[in-house]
Amino acid sequence: KFFPGKPYLNRGIGHQTTPQMLVRFRQDVISLKPKVVVIQAGSSDLAGYAGPATEGTISESFMSMTELAKAHGIQVVLASLTPVCDCFKQLTERRPPGKIIGLNGWLKDYAARSGSVYLDYYSALADGRAIKKDLTVDGLIPNDAGYERMAPLAEQAVSQALGKK
């Protein structure tokens, strides 16, 4: 609903980790032949949904997805992880703010090195190191107000990526 009239497809699946996304990347991205892919992931990895994960294993999945996309002529937008808060339930224990910030730093650097676009959702949603309580439904997932802040940033990033062709 935040992109009316746009030919966007959302292939995101909640609670999936980057290795799980990589496994389905060919069918859910490459076979659809988009001009741009926005990759937003990492929070479920940090939470350990598929077992322990390190910044190294997470970054390798991001690199593989980016390389696959670029090899097929698809421009890449790497979106930051969003902040979390303990405002409704304990979330930062499994998703430490320092690790989120560290992974976002790596993503920003890798986007520059790989010729991708970095999409900074974190700064738009954060109050210090936590998501603003009025922008989330549960301390993790943005609410409509959060998505309203994110949508124009996504549009700008997609436009920037299209300009790289």
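## Side-chain contacts in a predicted model

A search of the whole structure finds four salt bridges, a salt bridge being a side-chain nitrogen of Lys or Arg within 4 Å of a carboxyl oxygen of Asp or Glu. The structure is a predicted model, in which local features need pLDDT of at least 70 and side-chain atom pairs count only at pLDDT 80 or more, while totals for chains, interfaces and linings use all residues. Residues are numbered from 1 along each chain as its sequence is written, and side-chain values use heavy atoms, with hydrogens and water left out.

Side chains of opposite charge can pair when their charged atoms come close. One of the salt bridges joins Glu-155 to Lys-6, with an N to O distance of 3.8 Å. Glu-155 belongs to helix α7 (residues 144-162) and Lys-6 to the segment before α1 (18-23), so this pair ties together parts that are 149 residues apart in sequence. Helices here are DSSP runs of H or I with at least four residues, numbered from the N terminus. Lys-6 has a relative accessible area of 39% and is partly exposed; on this scale, buried means under 20% relative accessible area, exposed over 50%, and partly exposed in between, with a 1.4 Å probe and protein chains only.

Arg-113 counts as exposed, at 54% relative accessibility, whereas Asp-109, at 40%, counts as partly exposed. Elsewhere, salt bridges that share partners join Arg-11, Arg-24 and Asp-28 into one network.

The structure holds four aromatic pairs. Rings of Phe, Tyr and Trp (its six-membered ring) pair if their centres lie within 6.5 Å; planes under 30 degrees apart count as stacked, over 60 as edge-to-face and the rest as tilted. Phe-3 and Tyr-8 make an edge-to-face pair, 5.1 Å centre to centre with 65° between the planes. Phe-3 is partly exposed, with a relative accessible area of 28%, and Tyr-8 is partly exposed as well, at 34%.

The rings of Phe-62 and Trp-106 have centres 6.3 Å apart and planes at 45°, so that pair is tilted. Phe-62 lies in helix α4 (residues 55-71) and Trp-106 in helix α5 (residues 97-114); the contact therefore ties together parts that are 44 residues apart in sequence. Phe-62 is buried, at 0% relative accessibility, and Trp-106 also counts as buried, at 14%. Together with Tyr-110, Phe-62 and Trp-106 form one aromatic cluster.

The charged end of Lys-133 sits over the ring of Phe-88, 5.4 Å from its centre; the criterion requires NZ of Lys or CZ of Arg within 6 Å of the ring centre and within 35 degrees of the ring normal.

The remaining contact is covalent in kind by its name: the count comes to one disulfide, defined as a pair of cysteine sulfur atoms within 2.5 Å. Cys-85 and Cys-87 form this disulfide, with their sulfur atoms 1.8 Å apart. Cys-85 is buried, at 5% relative accessibility, whereas Cys-87, at 27%, is partly exposed.

Definitions and conventions:
Helix = DSSP H or I, 4+ residues; strand = E, 2+ residues; numbered from the N terminus.
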